Amino acid sequence: MMRQAATSPLLKVENLVVEYVVGNKVVHAVSDVSLEIARGETLGLVGESGCGKSTLGRAVLQLRPAESGRVLFDGEDLTAMRGEPLRKMRRRVQLIFQDPIASLNPRRRIGEIIAEPLVISGVKDAKERHDRVCKVLNAVGLDPALVVGRLPHEFSGGQCQRICIARALVLNPEFIICDEPVSALDVSIRAQILNLLEEMKARFGLTLLFIAHDLAVVKAVSDRVAVMYLGRLCEVASSEQLFARPAHPYTALLLEAIPLPDPDFKPAESVPVGEPPSPIAPPSGCRFRTRCPRADERCAREMPELRAIGPRQYAACHHPLT
Amino acid sequence: MSGPALLSVEGVAVDLPTARGNLRAVDQVDLHLAAGQTLGIVGESGCGKTMLSRAILQLLPKQANLSGRVMFDGQNLARCSAEALRKLRARSLAVVFQDPMTSLNPVLTIGTQLTETLQEHLELDAPAAKRRSAELLAAVGIPAPEQRLSQYPHQLSGGMRQRVAIAIALSCEPKLLIADEPTTALDVTIQAQILDLLAREQKRRHMAMMIITHDLGVVAGRTDEVAVMYAGRVVERAPTQALFKQMHMPYTEALLAAIPKLETAPHTPLPAISGRPPDPTRPLKGCSFSPRCRYAAGRCASEKPSLAPAETSTHHYACFHPIRLATGART
Amino acid sequence: MATLDLAIEEDVVAAPVRSKRRLGPLFWTALGWIALVFAVAIFADALPLPSPTDMDMLGRRAPFSAMHWLGTDGLGRDELARLVHGARISLIVGLCAPVIGLTLGGALGMLAGYFRGRFETLVVGGMDVLLAFPPLILALAVTAYLGQSILNLTCILGVLGIPAFMRVARAATLTLARREFVIAAQALGTSHARILCRELLPNVMLPLLAFFLLAVAVIIVAEGALSFLGLGVPPPISSWGSMIGEGRESLEVAPRLAFLPAGAMFLTVLSFNLVGDTLRALTDPRQGAL
């Protein structure tokens with residue numbers, strides 16, 4: 001569907017459904033999501049809290065069980081794997097988290113933390129491990145001599161995130177899922193880390209799934225962007241197209257809501273007081289219809305499917321904007 | 001600033017003793033805010049903006065030392081007794097904090113928290129307080145307000161909780177509202193609603209407002225004046241439009257440049273600021289930003305620039321090599 | 001621009017901020033007393049004291065003298081020597097019994113907190129059953145069945161302490177197991193055993209050790225109570241508890257026979273409590289934020 005011609009995608013998610021039980025209620029975190037990522041591409045996944053994007057990221061890595069659907073990595077079905085083959089596959093896919101300090105064991109030294117993936121994957125020689133750790137620390141801009149013997153709390157958020165990126169890179173993975181990697185960082189550090197991710201991607205030939213809630217951040221690093229709302233995909237398009245000509249009303253709402261550092265910006269006189277519904281009881285039909293100015297009774301009856309609106313732009317809407 | 005200052009922060013400094021030495025969280029800050037005006041304070045974490053708001057509200061931790069004057073409505077808050085301060089709070093001074101889950105009491109209903117404030121400060125009786133609470137909730141845009149009165153904070157979404165916090169803050173018609181990162185914990189669509197709500201209420205009540213944030217986008221178009229803080233000091237202060245038209249302090253310009261913009265094409269490297277903010281327990285002799293500043297030269301490392309006006313008396317900056325000053329750089 | 005000039009001069013990087021002010025004179029006094037008790041217990045045989053079992057029937061309940069610094073007890077045995085040997089018993093039981101709780105309870109708690117689900121329900125339910133037994137009756141039953149000995153005593157007290165350690169370990173594991181560094185380890189394909197040992201255990205160990213010291217204090221008192229009732233260490237081995245029990249008969253004539261062991265127990269328990277409390281306060285991960 002969203003295939004770059006000729007090469008098969010590195011990651012293919014087919015009809016993934018993830019639900020979990022809270023008390024006696026079922027939370028529909030991810031409902032029938034399908035997407036593809038080509039080798040060397042960065043797909044941005046955008047949505048507000050509760051839309052299921054983090055859950056999707058974890059489910060792709062098989063860290064959360066899926067109700068149904070498949071995840072194909074380089075042609076192999078991750079959902080059907082167990083044990084040793086799955087462990088081997090994990091070395092090719094890594095994850096970077098939102099809170100860099102919580103992602104590091106507070107009682108272990110940085111050198112050990114970064115060497116851990118090497119130990120797990122069976123690199124026995126201590127010297128080789130040390131060399132690889134130093135190499136990857138240099139790549140992320142940290143001086144190994146000053147870093148390896150220290151504990152995580154001695155570093156700032158930005159430095160911790162560099163360490164996390166180093167840990168993710170040490171096994172030379174092919175695919176990295178970045179789950180809100182800069183949201184917890186200061187503005188000036190954010191730019192540093194985004195630049196670092198771009199540099200690492202170019203240098204190591206990575207494919208990225210970049211999950212975030214900040215549209216401008218996502219646009220800065222992504223080739224294509226997917227927008228999620230309450231567990232379903234609303235729109236998938238190339239970065240330029242999505243921001244210049246959004247097709248789905250939710251995308252338009254997100255774009256309008258961004259506070260622009262533009263002095264002539266005037267806040268709207270009346271903004272709709274809409275709250276996202278709960279993922280426990282999502283609205284029937286199109287899940288965005290309760291906040292959508294274009295909704296009608298067809299939207300309540302029929303769930304819109306993701307279909308092509310323009311060249312390489314897909315939206316799940318009965319009344320798209322373009 | 002138009003009109004006499006309702007709030008006047010004069011030479012305020014906050015010192016915190018820590019195990020690693022004295023920490024100067026706020027260093028000689030001067031600010032003025034007139035009634036009906038909005039002041040935005042922008043800075044990253046560790047710049048001292050939260051400590052400044054605590055200093056104004058007299059909510060500093062016990063071990064902190066406050067010097068300077070905080071003049072509010074003619075009184076020096078630093079010299080007020082606890083009882084006088086208590087009377088001022090809610091009636092004249094109100095706060096909205098960042099995380100509504102922790103700023104609201106999780107074991108009391110929304111109604112109790114609202115009526116409590118009303119009965120305490122406005123001396124309304126219970127039925128009148130209840131009516132007024134429902135009105136307040138409606139004013140902040142909460143649907144079905146009567147039902148919400150008997151609900152608990154955890155039953156509401158983040159955006160709703162923040163609206164309740166705003167309702168509580170506005171309940172006694174304060175003269176000054178301090179909003180400390182009011183939308184940082186919220187989603188972007190809710191953020192816009194909350195900021196618009198604050199702006200509307202402020203206009204209606206002719207209230208003074210101070211918005212503290214790390215996001216330059218939040219202050220643009222919603223404030224009258226902006227003060228940018230770095231390492232405990234105000235490094236630039238100007239009317240909002242003037243600031244965005246022309247920034248003089250390199251830090252402000254670098255901060256704006258480092259934000260990813262929607263207009264930029266993907267994969268364009270961002271102009272990041274190298275290095276990190278300084279350690280507050282080891283203050284630098286010269287300008288705190290000089291190690292990271294690409295214009296730094298000469299005096300920057302040995303002398304601290306003071307906040308001084310540019311050619312227009314309303315635009316102040318603290319820099320020896322300001323950017324694009326029409327009448328030539330100060331050297 | 002990806003390079004970061006790591007502006008970390010060697011001395012600027014923060015050493016963990018230990019609040020030295022908490023280790024006051026009280027802490028050091030308590031530590032000193034514990035060290036003293038340990039020392040006399042270990043070197044009890046080398047000390048120039050009469051044997052604790054030598055009975056001098058002519059000098060029963062003798063007051064303080066040069067020969068018997070703290071006098072003699074109801075059977076003419078040297079009080080100081082008995083105190084010193086009693087320290088041994090209290091420390092042996094007081095240290096070994098909580099070790100059983102620490103290892104078994106700690107392990108169960110960590111496993112329960114990590115794996116959750118049915119296993120957790122089973123463990124927690126089992127601990128509730130154990131807690132439902134009145135401890136004294138259980139001790140009675142064990143000693144009646146298996147006889148009185150230091151080993152039996154240690155085992156029963158150890159087993160009774162398992163639920164408390166399980167709770168501490170489970171609480172600590174529950175908060176930690178959801179944090180990203182554990183998920184990061186899982187994303188690497190790390191085995192559960194390795195996650196438990198390398199990631200979780202170093203973090204759970206500290207609250208467990210702080211609790212261990214408090215448990216030592218409790219066990220010393222518990223052993224004292226059991227020995228006081230005659231259910232603890234069998235004669236002629238004496239512990240502080242049994243000494244208090246024997247001293248009960250001489251309360252009008254020679255109250256020191258009951259109060260000296262009671263005082264020793266009080267000081268030791270207090271010291272362990274102080275040290276344990278201080279360590280627990282220190283290991284609280286509170287990094288002050290501005």
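Residues are numbered from 1 along each chain as its sequence is written, and chains are lettered from A in the order in which they are written. Because the model is predicted, local features need pLDDT of at least 70 and side-chain atom pairs count only at pLDDT 80 or more, whereas totals for chains, interfaces and linings use all residues.

In chain A, helix α3 (residues 110-120) packs against helix α4 (residues 126-139) at an angle of about 115 degrees, and their axes are 9 Å apart. Helices here are DSSP runs of H or I with at least four residues, strands are runs of E with at least two, and both are numbered from the N terminus. Axes are lines fitted to C-alpha atoms, for helices over the stretch in contact, and angles run from 0 to 180 degrees between N-to-C directions. The angle makes α3(A) roughly perpendicular to α4(A), a term that covers 65 to 115 degrees. On the side of α3(A), the contact is made by Gly111(A), Ile114(A), Ala115(A) and Leu118(A); α4(A) contributes Arg129(A), Arg132(A), Val133(A) and Val136(A). Two residues are in contact if their C-beta atoms, placed from the backbone, lie within 7 Å. By class, five residues of this contact are nonpolar, one is polar and two are charged. Ala, Val, Leu, Ile, Met, Phe, Trp, Tyr, Cys and Pro count as nonpolar, Asp, Glu, Lys and Arg as charged, and the others, Gly among them, as polar.

Chain B contains an open sheet of eight strands with mixed pairing, in the order β6-β7-β8-β3-β9-β10-β12-β11. Strands pair if DSSP finds at least two bridges between them. The edge strands of chain B, β6 (93-96) and β11 (308-309), each pair on one side only. Within the sheet, β7 (residues 176-180) and β8 (residues 208-213) of chain B run parallel and are joined by five bridges; Ile178(B) stands opposite Met210(B) in β8(B). Helix α7 (residues 158-170) of chain B lies across β6 and β7 of chain B, at about 175 degrees to β6(B).

In chain C, Gly147(C), with a positive phi near 90 degrees, follows α4(C). Contact between chains C and A involves 23 residues of chain C and 28 residues of chain A. On the side of chain C that touches chain A, α6 (180-187) and α7 (192-228) of chain C each supply at least two residues. The largest share of that side, six residues, comes from α6(C). Its residues divide into 14 nonpolar, six polar and three charged.

Definitions and conventions. Angles under 35 degrees count as roughly parallel, over 145 as roughly antiparallel, 65 to 115 as roughly perpendicular and the rest as oblique.
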